[in-house]
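Subject: Structure handover

Hi,

Here is the structure I promised to pass on. Please open it alongside this email; my notes follow below.

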Amino acid sequence: MPSEVMQPVSCAPETNALPQTKLLINNEWCSSVSGETFATVNPATGEEICRVASAQAEDVERAVQAARAALARGTWRKLNASERGRLLYQLADLIEENAEQLAMLETLDNGKPYHIAKNLDVTKTAACYRYFAGWCDKIHGKTIPIDGSFLCYTRLEPIGVIGQIIPWNYPMLMQAWKLAPALAAGNTVVMKPSELTPLSALRIGELIVEAGFPEGVVNLLPGYGSTAGTAIARHPDIDKVAFTGSTATGRAIQEAAAGSNLKRVSLELGGKSPNIIFADADLDAAVQGAYAGAFSNQGQVCCAGTRVFVERSIYDKFLEKIVARARERVVGDPFDTKTEQGPQIGEAQLHRILGYVEYASVEGATLAYGGRRLARQGYFMEPTIFCDVRNEMRIAQEEIFGPVMCVLPFTDMDAVIEQANDTQFGLAAGAWTRDVARAHSVAAAIRAGTVWINCYNVLVPSAPFGGFKQSGNTRELGEDGLLHYSEVKTVTLKL
Ligand code: NDP
């Protein structure tokens, strides 16, 4: 790989300051009641960065009480809506002021290239808080003309205490996607960041306190899914749980919610998104779109375009170009400015990905490029391309969550739509064509929450994102995302 011969040119900031490593409850940093901690690890080296307090069920209890008390005091729910907005804007400003440190923490803990963490993750995180800050004083109901002598109107009220469980692939951004709309709508929050990547979430916690958010509004509990996560999902005094992660865990959370207090559940789950390239497409743009769609963020993206359907007449040309592009991909030190791909999140995930690679050959797919772990410290692997894949193969049906692209030939539009939809998932899709009518036909026929045409991974705070089928049951971002954090109350007054 090119990375093994390259001289690292570090772009890491001077500071290596770590944030708080405790739990944030009621605006105070505290140890877990049990005193337990866990190690968070740098995936580029496999070495421990530091130890972090590990939240247990008793800590969830304390945090829920703090969030409930904040609701009762009305210090957030009843705060002037414009003041809630001002605090969210203030947080966005602080995030930008601390961009280098936040990006450094994200790279250290998650492994994504520093220049991407800074220019994409931090930028989009600040934009997300700003977008929802603007909504705070624009959340209102309707007046409804009902028969008779009545005044009937609706109010959008906060749901209450929200439990949020976020994953490790975009730690800071997923925190923003969940926190910003919940707070804008007037809720209080108990959040569990992933134990694999707690550091940027904790630094954001420090900035939340610095911005002046009232006590108990945001409580952060790093910890394991089996302890803190389960306690959140089962807690009888949490009004809603919002989760991003695997479909299997989403199912467990929905069962826990049903088995406790029937709390509302928002799930943002896995995907196996099709990216369809027609013969009339701008081929170079499509190659770049397929490449970025499958390999961005080390392939650890829920909406990654991992099933690339290519029209038979351009199949060989596409393969030649995509393999050439993958061959050039710079995998290595995430603090090097030239690096495009850092390490996978950990040993277990890497092992899982390599298991799929091995099985793909058993199933009869052809390895066109990559497939190997890099012979160096940390959890690095080559970008990997399989061709001659059939849609029923496991590598085409199961979420791998690594840099593995499946290329499948097609000849007929109806058949490719049928195959694209032949999956348990329905998160996103891409289509590449110069034919406008065909583009809109594909967009209408695909069963997925997002369809990108002649582009991929365009995610902005104002456009809703979420899954059909087993990819989830909600939308995040945009007005739709905001409404999932509100209850509608109908008020009818006899005149
Ligand atoms: P999980 O879905 O298992 O975990 C996501 C989060 O949920 C983590 O914080 C986890 O904590 C927590 N969690 C786990 N079990 C429970 C539970 N019973 N109740 C409440 N919370 C729980 O994903 P993994 O990190 O294990 O990754 C496995 C696969 O999931 C990936 O290969 C990928 O396919 C998919 N995934 C999808 C993501 C997406 O964006 N859609 C994001 C991350 C993963 P803990 O880590 O301690 O288990």
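**Charges over rings**

The charged end of Arg312 lies over the Tyr315 ring, 5.3 Å from the ring's centre. Arg376 does likewise with Phe380: its charged end sits over that ring, 4.3 Å from the centre. Keep in mind that this is a predicted model.

**Aromatic pairs**

Searching the whole structure turns up nine aromatic pairs. Tyr114 and Phe335 form one of them, with ring centres 5.9 Å apart. Their planes meet at 35 degrees, so this pair is tilted. Tyr114 belongs to helix α4, while Phe335 is in the loop between α10 (312–328) and α11 (347–363), so the pair ties together parts 221 residues apart in sequence. Both Tyr114 and Phe335 are buried.

Tyr131 and Phe132 make an edge-to-face pair. Here the centres are 4.9 Å apart and the planes are at 80 degrees. Are these two buried or partly exposed? Tyr131 is partly exposed, because its relative accessibility is 22%. Phe132 is buried, at 0% relative accessible area.

**Nonpolar cores**

The largest nonpolar core has 69 residues. Which of them touch the most other members? They are Ile95, Tyr129, Leu183 and Phe213. At least two core residues come from each of β4 (47–53), α2 (81–97), α3 (99–110), α4 (114–135), α5 (171–184), β7 (188–192), α6 (199–211) and β8 (218–220). Helix α5 gives the largest share, ten residues.

Phe213 is worth a look in the viewer. Beyond its neighbours within four places in sequence, Phe213 contacts Asn27, Trp76, Leu87, Leu88, Leu91, Leu183 and Ile208. Another core lies apart from the largest one and holds 29 residues, including Ala396, Val416, Ile417 and Ile446.

**Helix α1**

Helix α1 covers residues 57–73, 17 residues in all. From first C-alpha to last, α1 reaches 24 Å, close to the 24 Å expected at 1.5 Å a residue. Its buried residues are Asp59, Val60, Ala63, Val64, Ala66, Ala67, Ala70 and Leu71. These span an arc of only 160 degrees around the axis, so they sit on the same side of α1. An α-helix has 3.6 residues a turn, so residues three or four places apart point the same way.

What do the buried residues of α1 pack against? The partners are β1 (23–25), β6 (161–165), β7, β8 and α7 (225–234). Just after α1 comes Gly74, with a positive phi of about 75 degrees.

**Helix α8**

Helix α8 has 13 residues, 247–259. Its first and last C-alpha atoms are 18 Å apart, close to the 18 Å expected at 1.5 Å a residue. Buried here are Thr247, Gly250, Ile253, Ala256 and Ala257. They pack against β6, α7, β9 (240–244) and β10 (264–268).

**Lys22**

Lys22 is in the segment before β1. With 33% relative accessible area, Lys22 is partly exposed. Leaving out neighbours within four places in sequence, its contacts are Trp29, Cys30, Ser31, Ala53, Leu202 and Pro222. Lys22 and Leu267 are 245 residues apart in sequence, and their C-alpha atoms are 27 Å apart in space.

Best wishes

How values were computed
Residues numbered from 1 in each chain as written. Predicted model: local features only at pLDDT ≥ 70, side-chain atom pairs only at ≥ 80, totals over all residues. Heavy atoms only, no water. Core = buried A, V, L, I, M, F, W, Y, C linked by side-chain atoms within 4.5 Å. Buried < 20%, exposed > 50% of the residue type's maximum accessible area, 1.4 Å probe, protein only. Helix = DSSP H or I, 4+ residues; strand = E, 2+ residues; numbered from the N terminus. Contact = heavy atoms within 4.5 Å. Phe/Tyr/Trp six-rings, centres within 6.5 Å; stacked < 30°, edge-to-face > 60°. Lys NZ or Arg CZ within 6 Å of the ring centre and 35° of its normal. Expected span 1.5 Å × (residues − 1). Arc of directions from axis to C-beta.
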